[in-house]
Amino acid sequence: MKNKRLKHALIPLYQRWATLRGGIQFKRRDERPTAFVLLAPDYGNIGDLAIGVAQHAFLERLLPGYNVVSIPLAETYAHLRSLRRNSKPGDLIFLVGGGNTGDLYPRAHFGRNFIVQYLHGLPIISFPQSVIYSSPEGRRVFGERERRAFRRHPRLRLFAREQASLNIFREIHGESVGYAPDIVLSFHVEQKGFARDLALMVLRNDSERLLTDTDDATIRDVVASMGLPTVSQDHEVDSRVLQSASPREVVDDMLDRYRRAKIVITDRLHGMIFAAITGTPCVVLPNTNQKIIGTYEAWLRDRCPYIEFAATRDRASIEAAVARAAEGSKVSSERPELDFGEFERTIVEYAAQSGCGRNGAL
């Protein structure tokens with residue numbers, strides 16, 4: 001506990017040091033305003049890389065009169081002084097979406113707090129987030145720090161991506177918090193004509209894993225009985241891969257694997273989302289927090305008959321879920337069309353309030 005508190009105390013010190021030391025000067029491409037996406041994923045979690053890719057594409061579609069610049073996590077602090085000093089009318093700041101609010105990933109949580117305080121004079125919008133606290137004490141301490149960091153910002157809008165997180169956000173920040181799906185569900189993917197001839201297993205092996213070794217053995221036995229070649233796929237990629245391939249290339253390669261699958265079994269949020277946007281039959285298993293079941297209930301259950309949530313993990317339940325997903329794919333395998341209207345309207349309104357319309361006109 002003492003070590004954890006010490007680490008938490010050191011994070012703000014590092015943030016201030018990295019910001020003061022950092023001297024990256026942002027060079028504008030032209031006179032158009034810029035939409036800056038800060039803390040953009042630059043590490044090997046493919047779900048997070050997909051968030052970064054989808055955010056960039058979403059803003060380019062919605063704000064054609066803007067330059068969209070995604071600043072990697074490793075460079076964000078080094079850019080902050082330049083952003084604060086050299087911002088222009090119309091510029092917008094976006095915080096990365098995902099599941100990095102709460103005490104599960106404290107560096108990311110504190111990073112959001114620091115940016116909101118440091119860029120107090122700039123309009124800030126957060127892409128849809130999940131809020132994850134591991135304990136009531138974590139919720140009390142981290143929630144209060146966030147409330148203090150955010151309460152005085154004059155133009156800040158937060159979005160939650162499932163109901164439990166919306167409830168927590170509104171408890172801390174009030175009713176102004178918005179609601180929108182995970183941004184990867186906005187990603188337009190080409191539906192290539194791959195033969196679906198394998199079973200794809202995408203299972204966690206980290207702190208968010210809920211499955212037991214017995215559950216894992218049961219799942220693998222069910223998949224083996226289907227008689228399909230089975231591929232076990234992690235959503236982690238070695239950082240060296242990102243030195244030779246762009247995040248978009250890494251994400252597209254992963255989506256191709258989903259397009260080749262006849263069935264996906266996963267306990268990862270973006271395993272479920274990749275299945276949704278590629279029209280792939282999928283059995284979804286729970287993890288240790290609300291983000292999977294919350295996203296499924298809010299956005300996918302009634303729109304994707306080819307996706308089944310298996311709350312229990314005995315053999316009969318898994319087999320029944322596989323059968324329902326396969327049958328559902330016969331009804332429809334179309335990607336879900338989701339409503340991002342509130343999120344889109346907020347961005348357009350912030351652009352207008354900052355001196356620009358949707359097309360970037362001053």
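Start with the charges over rings. Arg 260 lies over the face of Phe 194, 4.1 Å from the ring centre. This is a predicted model, so please keep that in mind throughout. There is another case at Arg 84. Its charged end sits over the ring of Tyr 118, and the distance to the ring centre is 3.7 Å.

Now ring against ring. We describe a pair of aromatic rings by two things: the distance of the centres and the angle of the planes. How many aromatic pairs does the count give? It comes to 15. Take Phe 110 and Phe 142. That pair is stacked, with 5.3 Å centre to centre and 15 degrees between the planes. The planes count as stacked because the angle is under 30 degrees.

Next, Tyr 258 and Phe 274. This aromatic pair is edge-to-face: 5.5 Å between centres, 85 degrees between planes. It links distant parts of the chain, 16 residues apart. Tyr 258 is in helix H8, residues 247-259, while Phe 274 is in helix H9, residues 269-278. Both residues are buried.

Phe 58, Phe 94, Phe 127, Phe 159, Phe 340 and Phe 343 form one aromatic cluster.

Back to H9, please. Just after H9 comes Gly 279, with a positive phi of about 65 degrees.

Leave aside neighbours within four places in sequence, and Ile 273 is in contact with Asp 182, Val 184 and Leu 185. Ile 273 and Arg 335 are 62 residues apart in sequence, yet 9.9 Å apart in space, C-alpha to C-alpha.

Over to H4 for a moment, where we find Asn 113. Asn 113 counts as buried, at 6% relative accessibility. Not counting residues up to four places away in sequence, Asn 113 touches Arg 145, Glu 146, Ala 149 and Phe 150.

Last topic, the pocket. The largest pocket has a volume of about 880 Å³. Its lining has 38 residues. Which lie nearest its centre? Tyr 43, Asp 48, Leu 73, Asn 100 and Ala 108. By class, the lining has 16 nonpolar, eleven polar and eleven charged residues. Helix H1 (2-21), helix H2 (46-62), helix H3 (73-86), strand E4 (98-102), H4 and H9 each supply at least two lining residues. Which element gives the most? H1 does, with six residues.

That is my tour. Over to you.

Notes: Residues are numbered from 1 along each chain as its sequence is written. This is a predicted model: local features need pLDDT of at least 70, side-chain atom pairs count only at pLDDT 80 or more; totals for chains, interfaces and linings use all residues. Side-chain values use heavy atoms; hydrogens and water are left out. Rings of Phe, Tyr and Trp (its six-membered ring) pair if their centres lie within 6.5 Å; planes under 30 degrees apart count as stacked, over 60 as edge-to-face and the rest as tilted. Helices (H or I, at least four residues) and strands (E, at least two) are DSSP runs, numbered from the N terminus. Buried means under 20% relative accessible area, exposed over 50%, partly exposed in between (1.4 Å probe, protein chains only). A charge sits over a ring if NZ of Lys or CZ of Arg is within 6 Å of the ring centre and within 35 degrees of the ring normal. Contact means heavy atoms within 4.5 Å. On a 1 Å grid over the protein atoms alone, a cavity is a set of points where a 1.4 Å probe fits but cannot get out, and a pocket is an open set with protein on both sides within 12 Å along at least five of seven lines; lining residues have an atom within 4 Å of a point. Grid points are joined across faces, edges and corners, and a volume is the space filled by probe spheres set on the points. Ala, Val, Leu, Ile, Met, Phe, Trp, Tyr, Cys and Pro count as nonpolar, Asp, Glu, Lys and Arg as charged, and the others, Gly among them, as polar.
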